[in-house]
Amino acid sequence: MAGSQIPGFSGHGGDPASALYRTRTRRSAGAQAIKGLLAAAAVRGGGGAAALLSVLTTTGIVITLASEAVNFFQVVGLADFFFDTDWAPLAGGDSQAFGVVPLIWSTLYLTGIGLIVAVPLGLGVGIYLAEYASPRVRRILKPLIEILAGIPTIVFGYFALTFFTPTVLKDIFSVDVSVFNGLSAGIILGILVLPTIASVSEDSLSAVPQSLREGAFGLGAAKRQVVTRVVFPAALSGVVAALVLGASRAVGETVVILVAAGNTPNLTFDLTVAHQNMAAFIANTARADVSQGGVAYLTIFAVGTTLFVMTLLLNLVAIRFVRKYRQVYE
Amino acid sequence: MAVTESAITRKIVERASSGERVRELGFRVALLGCLLVAIVFLGVLIVDVSVDGLPFLSLEFFYTFPSRIFPEESGIQSALLGTLALMVLCAVFVVPIGVASAVYLEEYADRDRWINRTIEVNIQNLASVPSVVYGILGLAFIVRGPVDIFGLGVGQPTLLAGALTLGLLVLPIVIIVSREAIRAVPPSIREGSLALGATQWQTIWKQVLPGALPGVATGVILALSRAIGETAPLILVGAGAFQLFNPSIDGPFSALPIQIFNNVGEPEDIFRDLAAATILVLLGILLIMNSLAIYLRNRYENKW
């Protein structure tokens with residue numbers, strides 16, 4: 001599952017020869033009949049149109065979210081949404097409230113717990129695979145991490161709810177958690193993003209030129225010193241990208257939270273109680289089959305817009321950092 | 001990247017200290033520990049699911065419909081067929097568009113034009129948009145929205161709507177992997193073909209694409225295995241569980257992740273075990289797909 005893990009960060013193969021083909025093709029196409037030209041134009045146009053579909057997808061997402069979010073904010077004030085600390089959009093009458101703060105809090109808090117687990121583990125795995133593992137060991141270990149990356153998130157959710165909470169947290173560590181709790185969901189979320197962090201950081205560590213390592217060794221540095229003081233700082237922008245990408249995945253994760261953390265957003269540091277992040281709220285509300293056009297239906301889009309903007313910012317930061325490390329060494 | 005002279009000197013001094021060997025060992029053990037945590041987790045997860053689920057796995061499990069009332073006799077036929085149908089439809093939708101986009105971006109697009117740069121950044125970003133957001137797009141645009149392609153009942157929570165939503169979700173992955181495979185075909189192949197008088201299209205169709213095929217196939221399989229494991233978008237587009245009939249392209253559908261999700265939500269313990277058995281089936285399908293991808297990669301990989 002090598003490709004499935006962090007798609008989107010392929011390098012740019014800007015080979016100088018491509019300009020050469022283009023002029024050559026033009027010449028040979030010119031020599032052909034008009035039919036050939038038409039065919040070439042059709043192929044080019046078709047490919048271009050297909051590539052444009054991806055832009056249309058983004059446009060579709062933005063239009064969908066924005067248009068319904070606008071309807072939402074005609075009913076609920078912007079200030080009420082972003083600053084009110086009560087969240088009960090599905091409640092009836094006076095207790096209905098639309099303060100998104102608890103949802104955002106649970107999202108960021110659980111992401112934070114996940115990252116506390118995933119950052120050291122993911123970087124450890126990345127560093128080991130890039131710097132220490134022999135080719136033979138890598139051939140065995142890398143697929144195992146890829147398997148972990150390929151396990152559907154619903155399986156992680158099942159595991160968190162039926163094994164991690166009752167057996168590991170309650171029985172082994174005697175933590176007094178409720179059936180649905182933020183602790184279990186947060187830790188499992190960490191394991192979920194571990195492969196992302198491991199494989200992006202491994203890529204960036206491997207991209208550091210061998211000459212830097214050899215130089216450091218030549219000066220008498222030990223392996224650990226070479227890794228931590230030469231290779232790691234040299235790969236820092238890629239490592240940062242790995243962390244940001246991991247955070248972005250954790251922020252947008254739905255099913256683990258939905259299954260293991262319950263359906264109540266909680267504005268609290270207490271991890272033993274239920275938490276609900278934005279993505280889980282969206283899925284849970286859609287499942288409740290609320291009527292189209294009602295305020296409850298519209299909250300899906302208001303929360304969706306907030307989530308989309310948050311992950312978009314994280315992704316753009318990650319793309320920028322990835323580009324930086326590629327530019328330095330390629 | 002700057003290694004200053006003083007930093008280097010400091011390192012040499014530390015090298016001389018006797019504690020360095022201990023630290024070196026400690027660092028190595030810590031790294032191995034990280035790896036061990038990941039692998040032990042994977043092992044425990046698989047053992048746990050197997051212990052819960054294996055007793056329910058039988059031949060009947062595959063061809064019986066799921067049941068909320070008689071969980072002992074419950075199966076997964078509608079969900080399994082739903083997942084397989086989603087996979088096929090998704091492939092039909094995503095392969096031509098994904099490969100065409102990749103060919104355009106690699107072979108035709110002028111990288112310096114703003115439109116192509118926009119497409120590029122856009123694809124990278126789309127690949128990490130949360131899947132639940134694709135679900136919202138599917139719900140509002142495909143299920144309840146204006147799009148009703150060929151009158152096939154898109155406009156309702158149908159199998160086609162689900163497949164299109166999942167298709168949009170994995171399209172960026174297919175494009176990215178196909179581009180990498182196309183880029184891996186060396187320029188000399190193209191130059192040789194062009195020098196013999198082939199047009200650019202003939203070069204692409206007869207030389208570049210066949211050369212890139214193993215890579216593309218591997219990428220497509222991996223993208224599809226991502227698609228069939230997704231739960232959140234299917235919840236949004238309205239996939240059902242405990243469905244007592246097989247899916248049709250313009251009708252309601254179920255899928256394995258949705259069936260697992262709903263089993264987990266049921267109060268009695270037996271449903272959890274049924275969920276575990278269903279997880280085993282899903283993991284089995286993913287395992288087969290991944291083995292196929294690895295086989296294709298090793299068997300047909302071109303060494304240039």
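Tutor: Start with the residues that meet. On one side are Leu256(B), Pro257(B), Gln259(B), Ile260(B), Asn263(B) and Val264(B), in helix α11(B). Facing them in α12(B) are Phe271(B), Arg272(B), Leu274(B), Ala275(B), Thr278(B), Ile279(B), Val281(B) and Leu282(B). Sort that contact by class and you get ten nonpolar residues, three polar and one charged. Keep in mind that this is a predicted model.

Now the geometry. Two packed helices are described by the angle between their axes and the distance between the axes. Helix α11 of chain B covers residues 256-265, and helix α12 of chain B covers residues 269-300. Their axes lie 8 Å apart, at an angle of about 160 degrees. Angles over 145 degrees count as roughly antiparallel, so α11(B) is roughly antiparallel to α12(B). The crossing of α11(B) and α12(B) is left-handed.

Stay in α12 and pick one residue. Ala276(B) sits in this helix of chain B. Is Ala276(B) buried or exposed? A residue is buried if 20 or more other C-beta atoms lie within 10 Å of its own. Ala276(B) has 27 C-beta neighbours inside 10 Å, so it counts as buried. Which residues does Ala276(B) touch, leaving out those up to four places away in sequence? They are Val49(B), Asp52(B) and Gly53(B). Compare that with Asp250(B). Ala276(B) and Asp250(B) are 26 residues apart in sequence. In space, their C-alpha atoms are 30 Å apart.

Phe242(B) has 18 C-beta neighbours inside 10 Å. Buried needs 20 or more, and exposed means 12 or fewer. Phe242(B) therefore counts as partly exposed.

Read along the sequence, the pattern is α-α-α-α-α-α-α-α-α-α-α-α. Chain B has 304 residues, and buried residues make up 50% of them. Take the contacts in chain B between residues at least 6 apart in sequence. Of these, 73% join residues at least 24 apart.

Chain B is also divided into domains. Domain 1 is 17-56, and domain 2 is 63-300. How far apart do the C-alpha centres of these two domains of chain B lie? The distance is 32 Å. Five residues from domain 1 of chain B and seven residues from domain 2 of chain B make the contact. On the domain 1 side, the touching residues divide into two nonpolar, two polar and one charged.

Chain B also touches chain A. In that contact, 91 residues of chain B meet 94 residues of chain A. Which helix gives the most to the chain B side? It is helix α2 (residues 19-53) of chain B, with 17 residues. By class, the side of chain B that touches chain A has 60 nonpolar residues, 15 polar and 16 charged.

Cross over to chain A. This chain has 14 helices and two strands. It has 330 residues, and 52% of them count as buried. Among its contacts between residues at least 6 apart in sequence, 74% join residues at least 24 apart.

Helix α5 of chain A covers residues 101-132, and helix α8 of chain A covers residues 182-206. Their axes come within 5 Å and cross at roughly 35 degrees. The contact of α5(A) with α8(A) has 23 nonpolar residues, eight polar and two charged. What is the handedness of the crossing of α5(A) and α8(A)? It is right-handed, whereas α11(B) passes α12(B) in a left-handed crossing.

Finish in the loop between α7 (153-172) and α8 of chain A. Here you find Ser174(A). Ser174(A) is not a glycine, yet its phi is positive, about 45 degrees. Why does Ser174(A) count as exposed? Ser174(A) has 7, so it is exposed.

Definitions and conventions: Residues numbered from 1 in each chain as written. Chains lettered and ligands numbered in written order. Predicted model: local features only at pLDDT ≥ 70, side-chain atom pairs only at ≥ 80, totals over all residues. Axes fitted to C-alpha atoms, helices over the stretch in contact; angles between N-to-C directions. Helix = DSSP H or I, 4+ residues; strand = E, 2+ residues; numbered from the N terminus. Left-handed = near helix turned anticlockwise from the far one by under 90°. Nonpolar A, V, L, I, M, F, W, Y, C, P; charged D, E, K, R; others polar. Parallel < 35°, antiparallel > 145°, perpendicular 65-115°, else oblique. Contact = placed C-beta atoms within 7 Å. Domains from an automatic or database assignment.
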